[in-house]
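Trainee: I'd like to learn how to read a structure like this one from the helices up. Could you walk me through it?

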Amino acid sequence: MSIETIRNNRNVQVLLGLLTGIAFGFLLQKAGVTNYDMIIGQLLLTDFTVVKVMLSAVLIGMIGVYSMKLARIAHLHCRSGSIGSTVVGGLIFGAGFALLGYCPGTAAGAVGTGALDALFGAVGIAIGAGIFARLYPILASTILNRGAFPAETVPELIGIRPVVVVAGVAVMILLLFWIFRVYGI
Amino acid sequence: MIEWFTMASWSPYLAGAGIGVLIWTVFVLSDHPLGCSTGFSSTAGMVEAGLSGGKTREMPYYQKFVPCIDWYWVLIIGIVIGAFLSSFLSGTFGIVAVPPFFAAAIGPDAAFRFAAALIGGILVGLGARWAGGCTSGHGISGTLQLALSSWVAAACFFIGGILVAGLLFGFRFP
């Protein structure tokens, strides 16, 4: 089976989605980030577990995905953004994140660990997504495209070769981990 | 080997690295990023289609993100199963209505916590679709591709989250 056959086969993709979800949920729970207290601790800046998990995933994921892009076995899928969509939506998300204490992935994970509040949160997330779908025509013609970003990727924006930016970001993440270690964070 | 699966927690660095490797497999086998809010959007679309019929599928947003049982939808089901397996194997699974921190800071009333979670969830779902992704789609999958929109989105998630958490529970840092 070639890679294109796998990518285009609906049933295989549904199976892969399930397996990916199981692995993702398992890792999120083992990392501790399906726990409300841990996520709120991050937003109150008293516990840095969420940032450690995210930046470790970014470090390893970035090096792998960019290597696979160079080897032509993976493509990038960046989304364009704007002030009206990315910044406004991101701040609404952040406010909800603090009130709910989970994000969409960790809410699903928390449901699996027996957190009943996360179940209400998950229902809310679906309702919120449905509200957005309803508002989409109005938002698309008014605010979503306001202040479009000048580039799709950070390397394009600053005009530096992607490989150099990957190395720079990797160094910065490792430096932050070292600071966490030194200060016992 | 088996004790790895029954441990209550792993190093966040190790678990995070595992998520990074998992994302490699998604890029190779499925040719798209790993994101969680799309599955919730599909759920909303399918529920609405079930309640109000065919009109839902003609909505412009659902033409763009067709609500169906696809990779993104089963991902969410998988996350529930995976987190259940992990917590069950380590003996930490337990039905909890009000998380300890919320109970101590705000109060132990379950109905109040559920209402807060529902309203917070609505904002999370609305904001994630508005911004074009959530903590996984933008925060991890997008930032690792060095997408400008994802770095801005991740910053806004945390700016909004830190501000509102501070207003709700009091700023505790440093």
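**Reading the helices and the interface**

Mentor: Let's begin with one helix. Helix 9 of chain B has 22 residues, and from its first C-alpha to its last it reaches 31 Å, close to the 32 Å expected at 1.5 Å a residue. Just after helix 9 of chain B comes G170(B), with a positive phi of about 90°. Keep in mind that this is a predicted model.

Trainee: What about the overall dimensions of each chain?

Mentor: Take the principal axes and look at the C-alpha atoms. Chain A fills a box of roughly 50 × 45 × 45 Å, while the trace of chain B spans about 45 × 40 × 35 Å.

Trainee: And how much of each chain is buried?

Mentor: In chain A, 51% of the 185 residues count as buried. In chain B, buried residues make up 53% of the 174 residues.

Trainee: Could you show me how that call is made for a single residue?

Mentor: You count neighbours; the cut-off for buried is 20 or more other C-beta atoms within 10 Å. A116(B) has 21 C-beta neighbours inside 10 Å, so it counts as buried.

Trainee: How far is A116(B) from F171(B)?

Mentor: Their C-alpha atoms are separated by 19 Å, and the two residues are 55 apart along the chain.

Trainee: Now for packing. At what angle do helix 3 and helix 5 of chain B cross?

Mentor: For a helix pair, look at how close the axes come and at the crossing angle. The axes of helix 3 (residues 37-52) and helix 5 (residues 71-89) of chain B come within 7 Å and cross at roughly 105°. These two helices of chain B are therefore roughly perpendicular to each other.

Trainee: Which residues make that contact?

Mentor: Helix 3 of chain B brings T38(B), G39(B) and S42(B), and helix 5 of chain B brings Y72(B), W73(B), L75(B) and I76(B). By type, the contact residues are 4 nonpolar, 3 polar and no charged. As for spacing, an α-helix has 3.6 residues a turn, so residues three or four places apart point the same way.

Trainee: Last topic: how many residues of each chain are in contact with the other chain?

Mentor: Here, 113 residues of chain B are in contact with 108 residues of chain A. Several elements of chain B give two or more residues to this side, among them helix 2 (12-30), helix 4 (60-64) and helix 8 (137-142). Helix 7 of chain B gives the most, with 18 residues.

Trainee: What types of residue make up that side of chain B?

Mentor: The side of chain B that touches chain A divides into 76 nonpolar, 31 polar and 6 charged residues.

Note on methods. Residues are numbered from 1 along each chain as its sequence is written. Chains are lettered from A and ligands numbered from 1 in the order in which they are written. This is a predicted model: local features need pLDDT of at least 70, side-chain atom pairs count only at pLDDT 80 or more; totals for chains, interfaces and linings use all residues. Axes are lines fitted to C-alpha atoms, for helices over the stretch in contact, and angles run from 0 to 180 degrees between N-to-C directions. Helices (H or I, at least four residues) and strands (E, at least two) are DSSP runs, numbered from the N terminus. Angles under 35 degrees count as roughly parallel, over 145 as roughly antiparallel, 65 to 115 as roughly perpendicular and the rest as oblique. Two residues are in contact if their C-beta atoms, placed from the backbone, lie within 7 Å. Ala, Val, Leu, Ile, Met, Phe, Trp, Tyr, Cys and Pro count as nonpolar, Asp, Glu, Lys and Arg as charged, and the others, Gly among them, as polar. A residue is buried if 20 or more other C-beta atoms lie within 10 Å of its own, exposed if 12 or fewer, and partly exposed in between; C-beta atoms are placed from the backbone. The expected span of a helix is 1.5 Å times one less than its number of residues.
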